[in-house]
Amino acid sequence: MVKHQPLQVYERQLCLSCITGIYGCRWKRYQRSHDDTTKWELLWSLILLFTFSLLLVWFYFWWEAHNDYNEFNWFLYNRSGEWSDGTVPILATTAAGFTYIAFLMVLALCHIALGQQLNLHWLHKIGVTTALLTTIIGVISVNQTWGQEWDVIPISLQATGPFLHIGALAAVTALSWIVAGQVARSEKTMFQVVVMLLYLTVLLGLYVVPLYITSPCIMDPNSLKQRPDVIGHQGAPMLAPENTLWSFQRALQMNVTGFEADVTISVDGVPFLMHDHTLQRTTDVQKVFPDRATIDASYFNWTDLQHLNAGQWFLKGDPFWTVHMLSPHEKDRITNQSVCSLEQLLKLASYHNTTVVFRLRRPPQEHPCHYSWINDTLQAVQQSGIPQSLVMWTPNEDRAMVKQLDPGLIQTSLEKLSPQSLDQSGISRLLLRYNQASTQEIRDFSQSNINLTLYTVNEPWLYSVLWCSGVSAVSSEAPQILNKVPYPVWLMRPDEYCLMWVSADIISFAVVIGIFFFQNYHMIRYRMSGMRSYNPEQIMLSAAVRRSSRDLNVMKEKLIFSEVGNGVGSAEELYADNGYDYYTNQGISQ
């Protein structure tokens with residue numbers, strides 16, 4: 001009697017084919033495997049995980065460093081001599097690399113969830129290696145040229161930490177589905193224990209992380225101090241050419257309470273506003289005085305400086321990508337801007353009763369005003385007619401002489417000193433970069449009646465953090481942005497934050513317990529019923545409640561072949577036991 005072999009029915013698995021095909025170029029069914037992943041591929045999985053983590057930090061760093069993009073571009077300009085927005089290629093490559101690595105991570109997790117063997121294609125291995133090496137080179141480069149910017153990460157976490165914690169908790173909670181599936185499928189007790197311990201360690205660590213999260217914005221709203229004053233750093237350089245009269249006028253339109261400028265002294269003793277050592281970037285000196293374009297700006301006399309245009313470069317270079325927002329009238333005003341003198345700025349400030357703080361650069365040693373630079377600047381202050389109480393004097397040289405000649409000037413330090421040292425020196429104000437003062441130090445200065453001004457603050461989140469810390473004023477290149485921040489971006493009472501993270505922990509714990517119970521329910525049920533051997537396909541078959549007869553028949557056939565292979569019984573007996581006609585390949589109606 002001839003026995004008819006049952007026909008094997010293969011289902012189309014387009015989703016699985018795409019996952020294994022894109023990740024390891026295993027598009028065909030026979031190329032896939034449920035075997036354990038090799039040690040070599042496990043090593044590549046760890047490399048992929050490390051690359052993803054490093055890129056995540058790198059991406060977060062550049063996202064939060066947006067506050068200081070202009071500072072970064074200026075560093076590049078000092079090295080290359082050419083002004084360009086160096087953040088554009090960095091952001092583009094970082095976004096592309098992070099998206100690519102994150103996509104591979106998702107595919108790897110899908111492999112694990114589906115029980116597929118990990119086998120990263122060699123092209124992806126090259127891509128991962130390239131992304132890893134490129135990121136490491138970038139980290140080293142930033143550390144050497146812009147190391148102070150790493151402080152933006154802990155500072156920004158004061159604003160984002162509570163919300164990043166919720167996001168990380170949600171992600172780890174979602175991973176419990178994969179972890180529970182691995183524990184349910186594995187028959188190795190040691191593997192189950194290790195996986196559970198690692199997962200629970202991470203999960204419990206996230207549960208207690210809020211105990212170590214500190215933010216000045218977690219406070220009683222009633223103790224919030226008044227809104228910090230905004231000082232226009234170089235005016236409003238995103239809306240007009242820096243250090244020009246029109247830039248400071250635009251800053252006044254944004255309700256600033258003060259001006260900050262950079263001052264250089266000309267060869268004939270006239271203090272004027274200029275940030276760079278040369279005139280190349282912010283004037284048309286290359287066109288007017290091509291032979292003198294590269295010399296120090298202080299070697300020009302005031303007459304020559306007045307012949308230079310200080311606005312056309314802004315319209316041409318568009319350093320902040322804001323020119324398209326300007327009206328025709330504003331563009332005409334910008335086109336006609338010239339180099340501004342300190343006296344002109346002080347007269348504008350005096351008219352609007354606005355505070356002025358300026359950084360005075362000492363001329364080179366061969367300069368005629370190398371020794372008279374303090375007196376030349378004081379003379380300009382006196383000639384402007386501005387009240388001395390509106391001028392913040394920052395040069396530390398000859399400070400005692402300045403206090404005798406003009407005792408009404410506000411003595412300001414650019415160097416971080418203790419409140420006691422500042423008080424002994426008669427200094428009442430401090431001007432520092434925003435990363436040079438912690439929240440506790442800001443409060444200490446405030447208690448010592450030292451008015452602290454931090455620069456350069458362009459982002460609302462940073463302004464909010466400093467506001468909650470109690471800073472008295474900030475210097476900003478974007479007063480038009482901070483003008484729209486009437487209240488901190490977020491403010492939360494300590495008890496409200498405690499309720500938030502405790503509730504999140506409880507919900508996460510309940511979801512994890514539910515997922516583990518659901519994933520292991522059928523295994524526990526069949527083991528408790530005295531099942532002879534554990535077969536995942538048999539559990540899946542019994543768990544199927546509402547499936548088409550064709551799907552059930554396919555699963556039954558897989559089970560029968562598995563049981564025959566294990567020596568449980570003959571094919572005919574198993575077909576009969578499962579309600580399946582061995583000769584007709586038709587299900588027996590009950």
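## Basis of the description

In this predicted model, local features need pLDDT of at least 70 and side-chain atom pairs count only at pLDDT 80 or more, while totals for chains, interfaces and linings use all residues. Residues are numbered from 1 along each chain as its sequence is written, and side-chain values use heavy atoms, with hydrogens and water left out.

Helix α7 covers residues 189–208, where helices (H or I, at least four residues) and strands (E, at least two) are DSSP runs numbered from the N terminus. Its 20 residues reach 28 Å from the first C-alpha to the last, close to the 28 Å expected at 1.5 Å a residue, the expected span being 1.5 Å times one less than the number of residues. Buried in α7 are Q192, V195, Y199, L203, L206 and Y207, with buried meaning under 20% relative accessible area, exposed over 50% and partly exposed in between (1.4 Å probe, protein chains only). Seen down the helix axis, the buried residues of α7 fall within an arc of 105°, so they line one face of the helix; the arc is that of the directions from the helix axis to the C-beta atoms. An α-helix has 3.6 residues a turn, so residues three or four places apart point the same way. On the face of α7 turned away from the buried side are the exposed residues M190, L197, L198, T201 and L204.

In helix α1 (residues 14–24), the buried residues are L16, S17, I19, T20, G21, Y23 and G24. The buried residues of α1 pack against α2 (39–64), α4 (87–114) and α5 (122–145), and just after α1, C25 takes a positive phi of about 60°.

## Two buried polar side chains

R281 lies in the loop between β3 (271–273) and α9 (285–288) and, at 8% relative accessibility, counts as buried. Its side chain makes a polar contact of 2.7 Å with the side chain of D276; a polar contact is a pair of N or O atoms within 3.5 Å, where within protein one must be able to donate a hydrogen and the other to accept it, and residues adjacent in sequence count only if both atoms are side-chain atoms. Leaving aside neighbours within four places in sequence, R281 is in contact (heavy atoms within 4.5 Å) with W74, Y77, W83, E242, H275, D276 and W313.

S156, placed in helix α6 (residues 152–185), counts as buried at 0% relative accessibility. The side chain of S156 makes a polar contact with that of Y60 at 2.8 Å, and S156 touches Y60, E64, G161 and W461 when residues up to four places away in sequence are not counted.

## Backbone features

Most residues other than glycine have a negative phi, and most peptide bonds are trans. Q234, although not a glycine, has a positive phi of about 60°; Q234 lies in the loop between β1 (229–233) and α8 (245–253) and is buried, with a relative accessible area of 3%. W321 also is not a glycine and has a positive phi of about 60°, but W321 counts as exposed at 52% relative accessibility and is found in the loop between α11 (312–317) and α12 (328–335).

The peptide bond from Y455 to T456 is cis, with omega near -20°, and T456 is found in the loop between β8 (451–455) and α18 (460–469).
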